[in-house]
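Subject: Structure for you to look at

Hello,

Here is the structure I said I would pass on. Please open it alongside this email; my notes follow below.

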Amino acid sequence: SQVNFEEESQNPPAVGPWKALMPSKGDKEEAESGCQDAGGVGEPQSTEQLNVSRLRSSSVEIREKGSEFLRDELHKAQKELKLKDKECERLSKVREQLEQELEELTASLFEEAHKMVREANTKQAAAEKQLREARGKIDMLQAEVTALKTLVITSTPSSPNRELHPQLQSPAKAAFRKGHGRNKSTSSAMVSAASQNTAPEPVRECKEVDSILFTEFQAWKESPTLDKSCSFLDRIYREDVGPCLDFTKQELSELVRVAVEQNTLTIEPVASHAVPVGKVAAEECGGPKKCALSGLPRTCKHRIMLGDSGNYYYISPSCRARITAVCNFFTYIRYIQQGLVRQDVEPMFWEVMRLRREMSLAKLGFYPSEM
């Protein structure tokens with residue numbers, strides 16, 4: 001309506017030009033009266049009021065339409081907001097559900113991981129225990145093999161070592177071994193007396209611990225080793241092992257000492273048809289009637305082999321007794337090192353002293369007649 005009003009105000013009604021006519025008197029009066037009326041104030045005022053009322057009505061109508069439009073837009077916006085609120089609420093619920101599921105999944109994964117770690121630790125502990133037991137069994141088997149090798153070295157079926165097998169000794173000889181040694185005549189006399197049911201009186205042996213030797217053995221027992229640099233083994237090497245294995249043939253003596261230390265020496269009885277075997281000269285190996293270590297003509301019932309060389313050396317009974325005494329000593333201290341000897345320190349010390357005495361007797365030329 002405002003637009004129509006503006007168009008009407010911009011385009012006034014077309015009025016033709018006034019024609020100059022000679023009016024009559026009456027017309028003149030009407031014209032004058034008309035001019036007077038046209039020139040009055042009432043008609044312009046009514047037009048202005050009409051225009052103002054039209055403007056007001058149009059503005060009111062515009063406001064109403066604008067407010068109605070705004071209300072519609074507001075309703076639409078409110079509806080959209082409600083829909084968005086519902087969507088946000090739904091998404092928040094979905095997010096909370098996902099977060100809860102994620103927490104539950106994380107907790108279950110951590111629990112499963114902890115369970116797997118516990119099972120792995122349990123299996124590892126069991127495997128380590130089995131490994132320790134297996135190693136212990138291996139050590140025991142190795143010790144048994146070493147003991148068997150020592151028995152093979154020092155005792156054979158054809159010539160058993162009666163020192164290691166007391167059950168092979170006669171009761172009379174077993175009784176004499178507990179005391180001092182006797183010469184042959186006295187022994188035979190005592191044996192004849194024993195055969196006449198006369199029991200010999202046992203000879204008691206007095207012992208006294210040497211403080212220096214016992215202190216050195218205690219220090220070695222705290223950390224047993226085969227290194228001869230320690231004071232305990234150094235003394236035994238100087239006083240017993242070295243002199244016991246010091247033979248006339250120095251070069252061969254050194255090889256024998258090394259083989260005994262490394263536990264690679266083999267002693268076996270000589271068969272009646274055996275001949276010297278090896279790459280070295282037969283003169284160096286000796287023979288059934290010549291000892292390779294002493295170089296003296298002796299009846300050799302045994303021969304030795306150093307490691308896997310394949311060379312055999314014939315040895316006399318005296319040399320065999322000396323080598324066997326040293327081998328027995330090294331076997332016992334290896335047992336101590338491996339933890340196979342379950343005794344107190346003092347009994348172990350006296351056993352070591354007994355083995356040292358055997359070496360001393362052997363290096364002085366005393367040996368059992370069975371050798």
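Leaving out residues up to four places away in sequence, Thr264 touches Ala259, Met305, Leu306 and Gly307, where contact means heavy atoms within 4.5 Å. One of these, Met305, is 41 residues from Thr264 along the chain, and their C-alpha atoms are separated by 8.5 Å. Thr264 sits in the loop between α8 (250–261) and β1 (265–269). Helices (H or I, at least four residues) and strands (E, at least two) are DSSP runs, numbered from the N terminus. Thr264 has 31% relative accessibility and so counts as partly exposed; buried means under 20% relative accessible area, exposed over 50%, and partly exposed in between (1.4 Å probe, protein chains only).

This is a predicted model: local features need pLDDT of at least 70, side-chain atom pairs count only at pLDDT 80 or more, and totals for chains, interfaces and linings use all residues. Residues are numbered from 1 along each chain as its sequence is written, and side-chain values use heavy atoms, with hydrogens and water left out.

Next, the charged patches. Lys76, Lys79, Lys82 and Lys86 form a positive patch on the surface, while Glu64, Glu68, Asp72, Glu73 and Glu80 form a negative one. Patch residues have over 30% relative accessible area and no salt bridge, and like charges are joined within 9 Å. A salt bridge is a side-chain nitrogen of Lys or Arg within 4 Å of a carboxyl oxygen of Asp or Glu.

Lys79 lies in helix α3 (residues 42–154), and Asp72 is in helix α3. Lys79 is exposed, at 57% relative accessible area; Asp72 is partly exposed, at 38%.

Regards

Key:
Patch = residues over 30% accessible without salt bridge, like charges linked within 9 Å, V, L, I, M, F, W, Y side chains within 5 Å. Areas by Shrake-Rupley, 256 points an atom, 1.4 Å probe, with all protein chains shown as cover. Lys, Arg positive; Asp, Glu negative; His and termini not counted. Charge placed at Lys NZ, Arg CZ, Asp CG, Glu CD.
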